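Dear colleague,

Here is the structure I said I would pass on. My notes on its charged side chains follow below it.

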Amino acid sequence: MNRVIEQYSETVFRISVLHTKNRADAEDICQDVFLSLLKRPFAEEDGCLKAWLIRITINKCKNFLKYQKRHKTVPLDAVSYSLAGESFKEEHLDLMDAFNKLAEKDRSVVYLFYFEDYTAKEIARLLGKNEAVVFKRLTRAREKLKNFLNEKGGQ
């Protein structure tokens, strides 16, 4: 279990941060993901464990966000988030702002494609979607990111 946590904790954490935009909530979700794994022992075969962990992480993030939407809370301080404990460089803030404005379904596809190096076919299998849907989401997300960044640059 320690090896699995060492190997996949960074991936699970990054996905959680991208969805929750909050380091503390992301850490809680990571803990829940690995507790789920403890409750349901999983034999690692062909990268299936990584795919399972990503799917569980996305689902737990969705559940968390639904809960947050129903139970409004006020943060104690302004949320400043980072990936794996490192602050974003100033030039990346606009990109992260644009990324966070994407719909959750587009954000997941972009993340899996660019950060986790999954192919569109693998993403389709992982998310239970058609490969054409994945390509369409990637195209739409790229266009939205491009438009947002052009608007920011023009201001």
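Glu10 and Arg14 sit four residues apart in helix 1 (residues 2–20), so about one helical turn separates them. Their side chains meet in a salt bridge, 3.0 Å from N to O. Glu10 is partly exposed, with a relative accessible area of 45%, while Arg14 is buried at 16%. Please keep in mind that this is a predicted model.

The count of salt bridges comes to six. Another of them joins the side chains of Lys50 and Glu116, at 3.2 Å from N to O. This pair links distant parts of the chain, 66 residues apart: Lys50 is in helix 3, and Glu116 is in the loop between helix 5 (104–114) and helix 6 (120–127). Lys50 is partly exposed, with a relative accessible area of 21%; Glu116 is buried, at 8%.

Asp106 and Arg140 also form a salt bridge, with their closest N and O atoms 3.4 Å apart. Here too distant parts of the chain are linked, Asp106 being in helix 5 and Arg140 in helix 7 (residues 131–154), 34 residues apart. Asp106 is buried, with a relative accessible area of 1%, whereas Arg140 is partly exposed at 30%. Through shared partners, salt bridges join Glu10, Arg14, Lys50 and Glu116 into one network.

On the surface, Lys62, Lys66, Arg70, Lys105 and Lys129 gather in a patch of positive charge. Helix 3 (residues 48–70) gives the most to this patch, with three residues. Lys62 lies in helix 3 and is partly exposed, with a relative accessible area of 32%.

Regards

Technical notes. Residues numbered from 1 in each chain as written. Predicted model: local features only at pLDDT ≥ 70, side-chain atom pairs only at ≥ 80, totals over all residues. Heavy atoms only, no water. Patch = residues over 30% accessible without salt bridge, like charges linked within 9 Å, V, L, I, M, F, W, Y side chains within 5 Å. Areas by Shrake-Rupley, 256 points an atom, 1.4 Å probe, with all protein chains shown as cover. Salt bridge = Lys/Arg side-chain N within 4 Å of Asp/Glu carboxyl O. Lys, Arg positive; Asp, Glu negative; His and termini not counted. Charge placed at Lys NZ, Arg CZ, Asp CG, Glu CD. Helix = DSSP H or I, 4+ residues; strand = E, 2+ residues; numbered from the N terminus. Buried < 20%, exposed > 50% of the residue type's maximum accessible area, 1.4 Å probe, protein only.
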